[in-house]
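Welcome! Have a look at the sequence and the model first, and then we can go through some questions together.

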Amino acid sequence: MYYDCSGWATKANVRCYDGLVIAQDAFKECSGKVVPMVYNHDHSNVDNVIGHCLLENRPGGVYCYAKFNDTDTGKTARQCVESGDLSAFSIFANGLKKVGSTVKHGFIREVSLVLAGCEPGCPDRRGGKAQRR
């Protein structure tokens with residue numbers, strides 16, 4: 001399958017601005033799953049669904065392969081990535097099991113294309129740069 005862009009959905013062993021650390025393999029059960037991709041974690045409207053992401057657990061975190069849909073918002077999001085205006089991914093997860101501030105297990109429910117993230121040294125929240133394919 002062809003994907004429009006890819007990047008880290010979440011990085012392991014990096015302290016985020018919210019104080020959480022995602023442990024390696026915390027989301028390994030999500031590997032191979034396809035989840036919705038939304039804009040900026042806005043779940044309030046179906047128009048904010050801009051595509052989907054295939055998740056892949058790797059050493060270093062969870063990588064995602066993103067495919068934009070053919071809606072107006074999906075096309076705009078694709079253009080923003082292609083032009084370099086948006087380059088960050090972020091995750092929404094639930095079912096989290098934590099030990100202190102370390103997330104040991106959970107389920108990624110969506111990947112968002114976001115304006116900015118919260119991981120120091122990364123352009124996105126618990127993730128990496130969205131790179132065109």
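Here are a few questions and answers about what you see.

This is a predicted model, where local features need pLDDT of at least 70 and side-chain atom pairs count only at pLDDT 80 or more, while totals for chains, interfaces and linings use all residues. Residues are numbered from 1 along each chain as its sequence is written, and side-chain values use heavy atoms, with hydrogens and water left out.

Q: How many residues does the largest nonpolar core have?
A: A nonpolar core is a set of buried Ala, Val, Leu, Ile, Met, Phe, Trp, Tyr and Cys residues joined through side-chain atoms within 4.5 Å. Buried means under 20% relative accessible area, exposed over 50%, and partly exposed in between (1.4 Å probe, protein chains only). Among the residues with the most contacts inside the largest core are Phe 27, Leu 55 and Ile 108. The size of this core is 27 residues.

Q: Which helix gives two or more residues to this core?
A: Helices (H or I, at least four residues) and strands (E, at least two) are DSSP runs, numbered from the N terminus. The elements that give two or more residues include strand 1 (5-11), strand 4 (49-58) and strand 5 (61-68). The list also includes helix 1 (72-83).

Q: Which residue in strand 5 stands opposite Lys 11?
A: Strand 1 and strand 5 run antiparallel and are joined by six bridges. Seven of the eight residues of strand 5 are buried, so this strand is largely enclosed by the rest of the structure. Opposite Lys 11 stands Gly 61.

Q: What separates the C-alpha atoms of Ala 9 and Cys 64?
A: Ala 9 lies in strand 1 and is buried, at a relative accessible area of 0%. Along the chain, Ala 9 and Cys 64 are 55 residues apart. Their C-alpha atoms are separated by 5.7 Å.

Q: How far from Cys 53 is the nearest cysteine sulfur?
A: A disulfide is a pair of cysteine sulfur atoms within 2.5 Å, and the count here comes to zero. Cys 53 is therefore in no disulfide, and its relative accessibility of 0% makes it buried. The nearest cysteine sulfur belongs to Cys 64, at 4.2 Å.

Q: Which residue meets Asp 4 in a salt bridge?
A: A salt bridge is a side-chain nitrogen of Lys or Arg within 4 Å of a carboxyl oxygen of Asp or Glu. Asp 4 is buried at 9% relative accessibility, and its salt bridge has an N to O distance of 3.7 Å. Asp 4 lies in the segment before strand 1 and its partner in helix 1, so the pair ties together parts that are 74 residues apart in sequence. That partner is Arg 78.

Q: Is Asp 70 buried or exposed?
A: Asp 70 forms a salt bridge with Arg 78, the closest N and O atoms being 3.9 Å apart. Salt bridges that share partners join Asp 4, Lys 67, Asp 70 and Arg 78 into one network. At 61% relative accessibility, Asp 70 is exposed.

Conventions
Pairing = 2+ DSSP bridges.
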